[in-house]
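Subject: Structure handover

Hello,

Here is the structure for your files. My notes on it follow below.

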Amino acid sequence: MTVDTNAEAAGADAGDSLTLALAQIRVEAGEVEANVDRAYEAVTRAAARGADLVALPELFNVGYFAFDLYARNAEPFAGETFTRIREAAADHGIAVLAGSIVEDLGETETVETPADDGLANTAALFDADGDLRLVYRKHHLFGYESAESELLVPGERLETASIGGLTVGVTTCYDLRFPELYRRLVDDGVELVLVPSAWPYPRIEHWTTLSRARAIENQAYVATVNGAGEFDDATLLGRSSVYDPWGVSLASSGDEPALVTTEIDSGTVADVREEFPALRDRRL
């Protein structure tokens, strides 16, 4: 079952704005073709609903918890998955965060890499013309009962991009637990942070609390896009959500596949930061 949810941000003074969609697709372990088909269909559906930007979950093609399939399904940056998503962006005139795939760093030739070989958890942001605007490789690799930190190379660069007049940044899943990363993004002018994830049960409170906290403390929109589905030893909890700069939830989903949409407005960010200028009071 697919559930579509939608909300509109209550408005402050008008600024640059965009319609954001979070594509909470079902992800099956190792079923790359079927998963990418679902991602393409979600991009198509988001464009039909008038979205300017759509975000996909973490490791949406292979599945985060399919650790034994990482090496077999790793791709260079310009491989089949990102190529298909880039084409979807251009075909439908919508910006897409393809977040993320297992990247084969040794085979990548088109973008700078943090190492000459190994694997990385890599997201790419394409604009509505299909042009690459941002690359993000997950900085903080999960070590708690997870093979991720043993299998992957951490990212080093933290880029931003302008989409629809808003400054956008990306972090991935476990990064939510490291607030200093978000401070760096705010210092670079970020107004919207996209967080592709594969967050499992039972840590629902951590998921919602950390996401809301990152929005409140940075006075920025935080949009978390999770997957749906079950793996051998984990079930994704879904609950993709968009929080405004006050930490108010504008739109969210349950744990089934869904397309979550809402409006993002830079004027709201500016107004919140002006009304409650906590960022100016920072001493560190």
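In the protein chain, 71% of the contacts with a separation of 6 or more are between residues 24 or more positions apart; a contact means heavy atoms within 4.5 Å. This is a predicted model, in which local features need pLDDT of at least 70, side-chain atom pairs count only at pLDDT 80 or more, and totals for chains, interfaces and linings use all residues. Residues are numbered from 1 along each chain as its sequence is written, and side-chain values use heavy atoms, with hydrogens and water left out.

Overall fold. The protein chain has 7 helices and 15 strands (DSSP runs numbered from the N terminus: helices are H or I with at least four residues, strands E with at least two). Its radius of gyration is 17 Å, close to the 19 Å from the globule rule for 284 residues, so the chain is as compact as a globular protein of that length. That radius is taken over C-alpha atoms, and the rule is 2.2 Å times the number of residues to the power 0.38. Of the 284 residues, 55% count as buried (buried is under 20% relative accessible area, exposed over 50%, partly exposed in between; 1.4 Å probe, protein chains only).

Salt bridges. The whole structure holds 12, each being a side-chain nitrogen of Lys or Arg within 4 Å of a carboxyl oxygen of Asp or Glu. K138 and E148 form one of them, with the closest N and O atoms 3.0 Å apart. K138 sits in the loop between β6 (132-137) and α4 (148-151) and E148 in helix α4, so this pair ties together parts 10 residues apart in sequence. K138 is buried at 1% relative accessible area, and E148 is buried at 0%. E58 joins K138 and E148 in a network of salt bridges.

Another salt bridge brings R282 and D187 together at 2.8 Å, N to O. R282 lies in the segment after α7 and D187 in helix α5 (residues 179-187), so parts 95 residues apart in sequence are tied together. R282 is partly exposed at 29%, whereas D187 is exposed at 53%.

Aromatic rings. There are 12 aromatic pairs (Phe, Tyr and Trp rings, the six-membered one for Trp, with centres within 6.5 Å; planes under 30 degrees apart are stacked, over 60 edge-to-face, the rest tilted). Y64 and F67 have ring centres 5.3 Å apart and planes at 75 degrees, so they are edge-to-face. Y64, F65, F67, Y70 and F231 are linked into a cluster by ring pairs.

Regards
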